[in-house]
Structures are given as structure tokens and as C-alpha cells.
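My entries follow, in the order I looked things up.

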Amino acid sequence: MDYSWLLILIPALPLAGAAAVAAGTQTRINRRFLVGLACAVVAASFVAAVLVRLQYNQVAPDGYLWLPLWSWGVDGVGLGLLGDAVSTWFALVVTGVGFLIHLYSVAYMADDPGYARFFAKLNFFIFAMSLLVLADGFVGMLIGWANVGVASYLLIGFWHQRPAAAAAARKAYWVNAVGEVGLILGFIILLTHFGSLRFVDVLPQAWSAPAGVLNAAALLMLVGAVAKSAQLPLHVWLPDAMQGPTPVSALIHAATMVTAGVYLVVRAHPIFAAAPWGSAAVAAVGIASVLFGALAALAQTDIKRVLAFSTMSQVGYMMLGAGVGAYAAALFHFATHAFFKALLFLGAGVVIHRFGDNQDIRRMGGLGRYQPFTYWTFLIATLALVGLPPLSGFYSKDTIVVSALMAGHPWLWLLAVAGAGLTAFYMLRLFCLVFTGEPPQDLAREELEHPVPAVKVIALAALAVLSVIGGFFAMPDLSGVPGAAAGAAAGAHGAAEVALGGLVVTERQASLLTMGLLLLVSIIGGGLAIRRFGPGRQPVQETAYARAALRGFYFDDLYRAAFVRPLAAVADWVGGIVDPHVIDGAVNGVARLAATLATGVRRLHPGYLRRYALALMAAVAIVLLYFVLVI
């Protein structure tokens, strides 16, 4: 049976759910029914994604599923849906993990006055991300991209009555708008050169394009990817986005927004691989974000901000994989990261409620003895993120780091290994401060022992299982991507052997060496954290490094000084001087001139009939005199 038509259901069902639930909030329809509807449409969307993936498996590796939807009458500029290795892989994770987050939110947001409205926005987010990953060209991707930005604005600012939440929503929107400008300019370059924006038209021809065109398009698209995926230096919106409800953080970090940039780079990989500066720029951004995110996470005191900087670091690994030509490894880490990062955020939601909505990990401790289920699921996610075998994060991260070495980048390889050690330190620090030691004296034990609702348990358990076994899933075969055959051939920088310190190392030896080093640095980093922040921990002293890390190494201050304050000064100058004295002065001067002229004319136009008769007679006399004298 042909399931290609089901492609439309994957984004359409969440969109219809968002509209129905939003409309239902204005009526007397039971809100539990509306929330159930919101969850059901995402579950149905996931089933459609599974069927589409099965259909794709029958035509892979040379075929793909395609459903045209709309044409604007311009060749190469239209909207359709594409089912191939990359899009179906993303669609499965987006709808599957998205459904579990919906399920968790049923209990988490139950007491919120905007309960049903929240689910309408969640549905809209799933629609936007599904459209982004299933689009058959850059036009459809841009439509989904922009709608993801709108959805994130709505969700981050869900508690808009809080000034910090409203400011965070605006910040996320504007930073991503900067990226969208780069993205649109990159697409215009592609349209100008290739005459089309459909993947099947552009990607197979990427290798024949001039280097200048490829460099410009790749670097401009990378600006969009960096902003959307919160990579250095456009990462500043991500920590502030923690002002939204915790399920929103899970959705943005695990399976949707921040991975959109990785999707763009992987989808357009023939362009990035063919551009002389393309892949190198992606790898540089990736490794810089790996280290920056990890260094910032080391000293964070807010549980959600630790996880936020962790996301920045882990998405950096995905970018690094894409930058060294390991596209399948980048996708693999995207999937495993979605499982354990969603589990960490949802577990953080339980922790925050148990500690009376407090998010400061310095005021937590001892939760493990009261919440064993949360303890074990959080520990699984922590160790999966660290990359401890045989959990899912071990396989995907190991593959990326090995690929960096086999692509001939030993320095990237070493830095990636160092990043793994930092990851182990900050994650075990977080775990120890929350779950070990003694709980705060001022917190009632009944609050700590409060049971976790069943729907939360189901969501956490499912994600915990996926975090354990996710590493055994088959990685997608990129040969199904239109135009990927040539891209894979030219973009495959890996080799069977590589020189390392004067020695020739085979791929198997590199894998064993990398595995051993990753395990060693993880044990060292985790061991130091347990020793420092475990049950017998001493009070933590604030250091200059901690103050700098808490402020994100002053990037916000830098942007405020470089852009915000100069623009505000220009606005003040225009409003205080130019507008009243130049623009208003010019307008007022014209008005005064007109008034003066009117006054002068008014003397000739006083409204007295005898003056008009006198003037008429004088004029007639002048004319007659003229004719007498001249003629």
C-alpha cells in the first residue's frame, strides 16, 4: 500500500489540533477533552511518521516519497513534502519525543490557568518543526523555520505576565530573526545561481557551482543554523529561554528548535562539503560551542541553565560531526540526545516541584532517598549524556569523535575528548548536588516524598528505556537524500588510516584509542565531581571563574555594549534632537511660511466688495493704458 499521502498528516494533524484547541479555549468545552485532543493528534502524527518511514524503507536507497502541495507559478519555487532518510528520521524523533513531552505536560501544567492554551501552542510547535523537516525545498523549510521561531516566542513567553519571561521570548525571537536574515540571503543566492530552490534541483548540482557562490551560500546559511541551534556566538537566547515552563525547555532542547540548525547543515551537506570554507566553518563553530557550553555549565547554579549550556555543547558535537563529513553520526547523536536530554529536563521538572519550585541546585540535596524513581531515571540520563557504555550517548558521541580523527583533524579530536571530560564533571556535579547529601532543613519531608503522577512516570520510563537502548538503533542511510550520492563521495573526508604523532593508526585502532580516552576522561571528570560535590561536600566558595561563567562569560554585556546601547543612543538622539528640531523644525518652518504667505494674501483678500471693485477697475485701467501706449 502506498503511504505517501500520509506525509501531509504529519504536520497537518498537529496544526488542526492547535486550531481546534485554541478555538475550544474560547468556549465551554471541557479543558481535559481539549488536552486529550492535543495529545491524540501528536500520537496520530507519530503513527503516520512510522508508516511513512516503513514506506520509505521499501524504496530506499535510491528512491524517496514526494507529495507536491502548492506552486506559486514560478519554476523551482513551490511547496511539497519529502520522505527520505533524513526527513523521516527527524519526523520520527520530533513526533515521538514530542508526544511523550505532551503526555508529561498533562500532569505538569494541570494547575495552570492557561492549561489548554499551553497545549495549543505545543501542537503548533510540533506542526512547525514537522513542516521544517519534511519540506521538499528551501522555501518550505523557510516557512517551517519562521513558524518554529513564532512558536518558540509563544512558548518561552507563555507566562508573559512575568517580565523576565516576556524579555526572554523577545530575545529568542530577535536573535533568531538575525539568523533568518542570513538564511534568506543564502537562499536568494541559491535561487539566483541554480534557478530553483527544490532540493532535487539544487543539491545534485552543488559540485559544479563556483566556489564564491558556494562559500557565500554556505556561510549565510550557517548564520541561520548558528542562531537557531544556539551555537557560538548567537547562543545568548538559550539560557534565558529557561523562563518558559519546563516541558517547553524539553521540547526546544530535545527534539525541535535547537536541532533545526543541524538538520539544515545535514540536509544541505553537498553545498557545505563543496564550499571551500563551508565544512571548516561548521566544524569550527561546533568545537567552539562544545567547549564554551561545557565551561559555562561548570559553575551554573540553576538546574535548567546547567542543562541549557549542556545542550549548546552537545549540539556542538553534532555540528562537529557534520563539519568533518560524519553526517550520519551527527544524525545519530541528534536522536540519542533527544532521548536523554528530554529525560533530563522532564526529571528536572519533578525536582523543581519537589523543592518548592526552587531551581537553585545549591539549595537542594538528598532527593535520592525520597524519590528513587526520579533518582534512577535522572542517573541514566546523566550517564547517557556523559557517554558511559553501553548507554545511548556512548555510541553516538564516540562515532563523532572518531570521525574527527579519521578526517585528519587531530586537534579537533583532542578538544572533543577534553569536552567529554568537562561534560562528566558538570553533569555529576549537578547530580550530586540534587540527589545526594542532606535536603534543606527548611523543606518539609512530605513535599519531598510527594509521589510522581502516573503520566509523568510513563513519560520518564519510556525516555529512560530509549536512553538505554537508543544506541542500538540503526543510523540513517544518507544515500536516500536527493543529490547525496555525489555529496557523500566528495564530502567523505574519512580515510582507512591516519597519521597520529608519527604513527599510522587504522580506523579500528582509532576507535579503540578514542573509546579508551573518552572513558578515562569521563571517569576522571566524574570522579572529581563526586569527590567535590558528593555526600561529604563542603560549602562551595564563589570564585572569579564562577562569576564569569554565571554571566555567560559576558557575551550579553558585550552585545549590550556593541549593539544595544549604540542603537539605543541613536534612537534617543533621533527622538530627542532630530525629530523635534530637524524633522519637526522643517515641518513647522513650512507651516510658518505658509501662514506668512496666507497673511499676506489675506490682505489682498479681505472680503470687502468695494476693494474688489477698486482692484478690478485698476486692473482694467492698466490694461487699457497698455493698449493705448503700445498699440
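I am working on a predicted model, where local features need pLDDT of at least 70, side-chain atom pairs count only at pLDDT 80 or more, and totals for chains, interfaces and linings use all residues. Residues are numbered from 1 along each chain as its sequence is written, and side-chain values use heavy atoms, with hydrogens and water left out. Helices are DSSP runs (H or I, at least four residues), numbered from the N terminus.

**α16.** I checked the length of α16, residues 372–386. At 1.5 Å a residue, its 15 residues should span 21 Å, and the end C-alpha atoms are 21 Å apart, so the two agree. The expected span is 1.5 Å times one less than the number of residues. Next I listed buried residues (under 20% relative accessible area, 1.4 Å probe, protein chains only). Among them are Phe378, Leu379, Leu385 and Val386. The buried residues of α16 pack against α14, α15, α17, α18, α20 and α22; contact means heavy atoms within 4.5 Å.

**Cis peptides.** Pro389 and Pro390 are joined by a cis peptide bond, omega about 5°. Pro390 sits in the loop between α16 and α17. Leu232 and Pro233 are also joined by a cis bond, with omega about 5°. Pro233 is in the loop between α8 and α9.

**Positive phi without glycine.** Ala230 has a positive phi of about 55°. I found Ala230 in the loop between α8 and α9. Ala230 counts as buried because its relative accessibility is 0%. Asp357 has a positive phi of about 65° and lies in the loop between α15 and α16. At 54% relative accessibility, Asp357 counts as exposed, the cut-off being over 50%.

**α1 with α2.** I then looked at α1 (residues 9–24) and α2 (residues 31–59): their axes are 8 Å apart, at an angle of about 175°. Axes are lines fitted to C-alpha atoms over the stretch in contact, and angles run from 0 to 180 degrees between N-to-C directions. That makes the pair roughly antiparallel, a term for angles over 145 degrees. Contact residues include Leu13 and Gly17 of α1 and Val41 and Ala48 of α2. By class I have 14 nonpolar, 3 polar and no charged residues. Ala, Val, Leu, Ile, Met, Phe, Trp, Tyr, Cys and Pro count as nonpolar, Asp, Glu, Lys and Arg as charged, and the others, Gly among them, as polar.

Definitions and conventions:
Helices (H or I, at least four residues) and strands (E, at least two) are DSSP runs, numbered from the N terminus. Angles under 35 degrees count as roughly parallel, over 145 as roughly antiparallel, 65 to 115 as roughly perpendicular and the rest as oblique.
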